[in-house]
Amino acid sequence: MKVRTFEKQDLHALLAIQSKNPYAAQWPEMEYVRLAGDPRGLILVAELETMEPVKVLGFVAYYRIIDEAELRNVAVDPVHFHQGVGKALLAEGRERMLRAGAKRIFLEVRPSNKNALALYYSSGFGLHSQRKDYYRDPREDAYVLAHELYPPVDAPSTK
């Protein structure tokens, strides 16, 4: 599996994966095109290189403002759940957001989305706050999770 930056030809696969994930935000095509073209946006895809043609397994979308980033959407093809795809996407996104100057990443998630919560908690996110009646269809609160990013610190010199 390889994680790389989204390319325009990935759009069809991305939308197909999104449609298979009812918990993922259901964005229209133009939102991804707009985010991919914005210098503050980042979309990553995970692909299985051993298939011909290469198969997109999942994606993650971020938006950064100065030193904070928002994880806006993430989805994995259900056929590839529990195979490390989501974890790899979050790890690569974390590294890229850190290199771009972000100090923390925020996201909203339904409390009922237990699989996503387990993934986020195991990837370093923690509960920051709660938003009442954030989601519709069905109505539900949102947990706001945050992941504090810190660049690696060089060991002090012993001279």
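1. Let's start with a term: a residue is buried when its relative accessible area is under 20%, exposed when that area is over 50%, and partly exposed in between, using a 1.4 Å probe and protein chains only. Asp141, for example, has 14% relative accessibility, so Asp141 counts as buried. Across the protein chain, buried residues make up 42% of the 159 residues.

2. A word on where this comes from. You're looking at a predicted model, in which local features need pLDDT of at least 70 and side-chain atom pairs count only at pLDDT 80 or more, while totals for chains, interfaces and linings use all residues. Residues are numbered from 1 along each chain as its sequence is written, and side-chain values use heavy atoms, with hydrogens and water left out.

3. Now the layout. The protein chain has four helices and seven strands, where helices (H or I, at least four residues) and strands (E, at least two) are DSSP runs numbered from the N terminus. Starting at the N terminus, the order is β-α-α-β-β-β-α-β-α-β-β. The radius of gyration of the protein chain is 16 Å, close to the 15 Å from the globule rule for 159 residues, so the chain is as compact as a globular protein of that length. That radius is taken over C-alpha atoms, and the rule is 2.2 Å times the number of residues to the power 0.38.

4. On to charges. The protein chain carries 22 positive and 21 negative side chains, and the centres of the two sets are 3 Å apart. Here Lys and Arg count as positive, Asp and Glu as negative, and His and the chain ends are not counted; each charge is placed at NZ of Lys, CZ of Arg, CG of Asp or CD of Glu.

5. How many salt bridges does a search of the whole structure find? There are 14, a salt bridge being a side-chain nitrogen of Lys or Arg within 4 Å of a carboxyl oxygen of Asp or Glu. One of them pairs Arg104 with Glu148, with the closest N and O atoms 3.3 Å apart. This pair links distant parts of the chain, as Arg104 sits in strand E5 (residues 104-109) and Glu148 in strand E7 (residues 140-148), 44 residues apart.

6. Take a look at Glu140 and Arg110 too: their side chains meet in a salt bridge (3.0 Å, N to O). Glu140 is in strand E7 and Arg110 in the loop between E5 and helix H4 (114-122), so the pair ties together parts 30 residues apart in sequence. Both Glu140 and Arg110 are buried.

7. Back to Asp141, whose side chain forms a salt bridge with Lys132 (3.2 Å, N to O). Lys132, at 65% relative accessibility, counts as exposed.
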